[in-house]
Amino acid sequence: MATKIRLQRGGRKDYAFYSIVIADARAPRDGKFTEKIGTYNPNTNPATVDLNFERALYWVECGAQPTDTVRNILSNEGVMLMKHLNGGVKKGAFDEAAAKAKFEAWKQAKVSGFEAIKTKDADAKKAAAKAALEAEKKVNEAVAKKVADKKAAAAAAAAEAEAAANAEATEEAAPAEEA
């Protein structure tokens, strides 16, 4: 029996959610399967993968052929690297301790890479928020200046009107005094 490691679709319309399963190569995509070894959710950022590492490694070493997407998932999780390292141990290229050390070094590099990406994204968000705040401050200052100019113009107009009223009152008062 030729076995495949493939994705089995689940979830609602426009929101795919996949199970990573071991199935006969002749079985349909969402049909009968031998074992479920994990899940894959492409809707999150980054995509969420929950994988039973030992069972995935077992099936890959037994000869199960992953589909292209599942091969990428297994590579990102380190299953394909571990298979490669185990092959080196079987051939005598290095011992099991060296294989584990290489795998742990790869895992640490991957984790540090993710941390670098997270900090870079967080810094970019902070910079964008700061730039947005500065832009908003400039807009608010411009609005405040316009409001102050309007108030000053209104106050000047009121003062001018008051001065004109005072001038008229003094002109009316002056002829009344002459008479």
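This section describes the fold, packing and overall dimensions of a predicted single-chain model.

Because the model is predicted, local features were considered at pLDDT of at least 70 and side-chain atom pairs at pLDDT 80 or more, whereas totals for chains, interfaces and linings use all residues. Residues are numbered from 1 along each chain as its sequence is written, and side-chain values use heavy atoms, with hydrogens and water left out.

The chain contains four helices and five strands, where helices (H or I, at least four residues) and strands (E, at least two) are DSSP runs numbered from the N terminus. In sequence order these elements follow the pattern β-β-β-β-α-β-α-α-α. The five strands form an open sheet with mixed pairing and the order S4-S3-S2-S1-S5, two strands being counted as paired if DSSP finds at least two bridges between them. Strand S4 (48-51) and strand S5 (65-66) stand at the edges with a single partner strand each, so one side of each is left without a neighbour in the sheet. Strand S3 (residues 35-41) runs antiparallel to S4 and is joined to it by four bridges, and asparagine 41 lies opposite threonine 48 in S4.

Helix H1 (residues 53-61) packs on the sheet, where it touches strand S1 (3-12), strand S2 (15-24), S3 and S4, and its direction makes about 115 degrees with that of S3. Helix H2 (residues 68-77) also packs on the sheet, touching S1, S2, S3, S4 and S5, with its direction at about 95 degrees to that of S1. Contact here means heavy atoms within 4.5 Å; axes are lines fitted to C-alpha atoms, for helices over the stretch in contact, and angles run from 0 to 180 degrees between N-to-C directions.

Leaving aside residues up to four places away in sequence, valine 79 touches Leu51, Phe53, Ala56, Leu57, Val60 and Leu74.

Buried residues (under 20% relative accessible area, with a 1.4 Å probe and protein chains only) make up 21% of the 179 residues in the chain. The C-alpha trace spans about 125 × 40 × 20 Å along its principal axes. The radius of gyration of the chain is 37 Å, whereas a compact globule of 179 residues would have one near 16 Å, the value being taken over C-alpha atoms and the globule rule being 2.2 Å times the number of residues to the power 0.38.

Methods
Buried means under 20% relative accessible area, exposed over 50%, partly exposed in between (1.4 Å probe, protein chains only).
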